[in-house]
Amino acid sequence: MAREAKPLSADTEGPALKRTLTTPLLYFFILGDVLGAGVYVLVGQVAADSGGAVWAPLAVALLLALLTASSYAELATKYPRAGGASHYVTRAFGPFAGFVAGFCMLAAGIVSVAALARGFGGDYLSAFVTLPVGLVAVAFLALLALVNARGVKESTRANVVATVIEVGGLLVIVVLGGWLLLRGDGDLGRLGRLGTPEKGAAAALLSGAVLAYYSFVGFETSVNVAEETRDPRRSYPRALFGALATAGAVYVLVGIAASAAVPTARLAGSSGPLLEVVREAGGVPPRLFSAIALVAVANGALLTGIMSSRLAYGMARDGLLPRFLTKVLPGRRTPWAAIAVTTALAMALALTGSVATLASTLVLLLLVVFLLVNIAVLVLRRDPGDAGHFRTPTVLPVLGAVSCVVLATQVEGDVWLRGLLVLATGVVLAALVAVRRSRRPARSPDAAAANGTDEPASRP
């Protein structure tokens with residue numbers, strides 16, 4: 001049953017955030033979040049699952065991402081405030097489901113950092129030095145934790161430069177692929193080879209799309225800045241769909257360039273697949289491109305690590321996770337405990353799973369969140385909201401929910417085991433929080449008035 005929706009105002013929801021983001025700024029914010037490190041690492045894994053037609057799973061993943069993005073566009077313009085999927089699911093189904101959604105988002109962030117840490121220690125780093133991947137991943141995550149603890153201001157400044165570098169690297173691959181084909185090298189015939197010896201065309205397409213979906217994640221976090229966007233009902237849908245379309249076009253071109261330039265088996269066997277394109281085309285020093293790729297992977301891991309630690313801190317501050325996670329450094333005022341715990345979990349995952357397994361685990365967790373969001377947008381239709389918000393055609397969230405189920409069926413058994421363990425943990429924690437809240441003594445009206453607020457005097 002849908003939770004009764006309340007009007008969003010400063011009186012009921014707290015002080016409003018300053019609206020400073022224009023449509024172009026929001027577009028680049030989302031584009032920078034989506035166009036990231038995933039494609040640098042996963043093109044080879046997609047080739048291993050789908051065959052030479054790497055572009056096809058990338059295109060399918062884009063279409064499926066757009067379905068769920070349409071639900072986010074409606075909810076973000078209907079309820080333009082920070083909180084994201086957890087807030088929408090809480091409105092639709094109550095705090096228990098909202099906690100599970102938030103916990104899955106937190107877990108997905110930690111898994112993503114682990115996958116990128118393993119990607120950092122692969123073939124791109126081998127262009128400079130050869131070290132055990134597990135050792136590199138642990139050292140890499142420890143260094144990122146120190147940067148994260150130093151402060152978000154320094155981290156976001158570094159992100160601006162890194163985003164320009166990583167987008168430039170993808171454009172280099174597109175140009176090199178085109179140059180290689182113009183000079184008569186490469187094999188365009190590989191672009192039509194969909195399937196592997198183990199899988200037919202349809203199964204290979206869906207299996208590759210699960211991994212390719214990882215390259216498009218990031219758009220879902222943009223809803224948290226809708227509250228800071230000027231005229232979000234007009235700006236947010238334009239920026240969201242425009243950024244996804246741009247990212248999709250770049251990814252498809254990268255997939256075409258990589259598949260045409262490099263034999264499928266070689267592409268599939270590399271943990272630095274785009275480096276193989278550089279080597280095949282020539283003209284760009286492999287070490288230079290490896291450095292660009294390492295910057296892209298490090299930037300993606302840093303941003304996701306910041307998000308994960310702040311989400312853990314926020315959930316702990318709200319009494320949803322242990323209070324220990326709210327501890328901050330006295331001078332820097334950064335959440336050192338949340339950073340330490342999320343980093344330790346990422347290290348454990350990086351040492352126990354491959355890049356492909358970790359990426360599939362992240363996608364599975366997000367599919368749970370996206371399924372809840374796609375259903376929530378339909379449930380919340382009973383709340384008309386403010387006039388003028390974006391309204392997606394009903395068929396799109398329905399198809400979005402169906403696509404989440406279909407993609408989930410393509411996830412391998414060992415990935416499901418990991419995902420179910422995370423979901424079980426989230427359900428148990430949600431139940432404990434619900435029991436704790438049910439035992440909380442009610443505040444009397446007189447006590448609340450004496451405290452000058454309708455809220456409890458202290459947090460749990």
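A cavity is a set of points, on a 1 Å grid over the protein atoms alone, where a 1.4 Å probe fits but cannot get out; lining residues have an atom within 4 Å of a point. A volume is the space filled by probe spheres set on the points.

The model is predicted: local features need pLDDT of at least 70, side-chain atom pairs count only at pLDDT 80 or more, and totals for chains, interfaces and linings use all residues. Residues are numbered from 1 along each chain as its sequence is written, and side-chain values use heavy atoms, without hydrogens and water.

**Exercise 1.** Determine the volume of the largest cavity and describe its lining.

*Solution.* The volume is about 150 Å³. Among the 16 lining residues, Val113, Leu144, Asn148, Gly305 and Thr343 are the closest to the centre. Next, sort the lining by type: ten residues are nonpolar, six are polar and none is charged. Finally, locate the main contributor: α14 supplies the largest share, six residues.

**Exercise 2.** Classify the pair formed by the rings of phenylalanine 99 and phenylalanine 103.

*Solution.* Rings of Phe, Tyr and Trp (its six-membered ring) pair if their centres lie within 6.5 Å; planes under 30 degrees apart count as stacked, over 60 as edge-to-face and the rest as tilted. Here the centres are 6.1 Å apart and the planes stand at 15°, so the pair is stacked. Both residues belong to helix α6, four residues apart, about one turn of the helix. Phenylalanine 99 is buried (under 20% relative accessible area) at 5%, and phenylalanine 103, at 12%, is buried as well.

How values were computed:
1 Å grid on protein atoms, 1.4 Å probe; cavity = no way out; pocket = protein on both sides within 12 Å on 5 of 7 lines; lining within 4 Å. Helix = DSSP H or I, 4+ residues; strand = E, 2+ residues; numbered from the N terminus. Nonpolar A, V, L, I, M, F, W, Y, C, P; charged D, E, K, R; others polar. Buried < 20%, exposed > 50% of the residue type's maximum accessible area, 1.4 Å probe, protein only.
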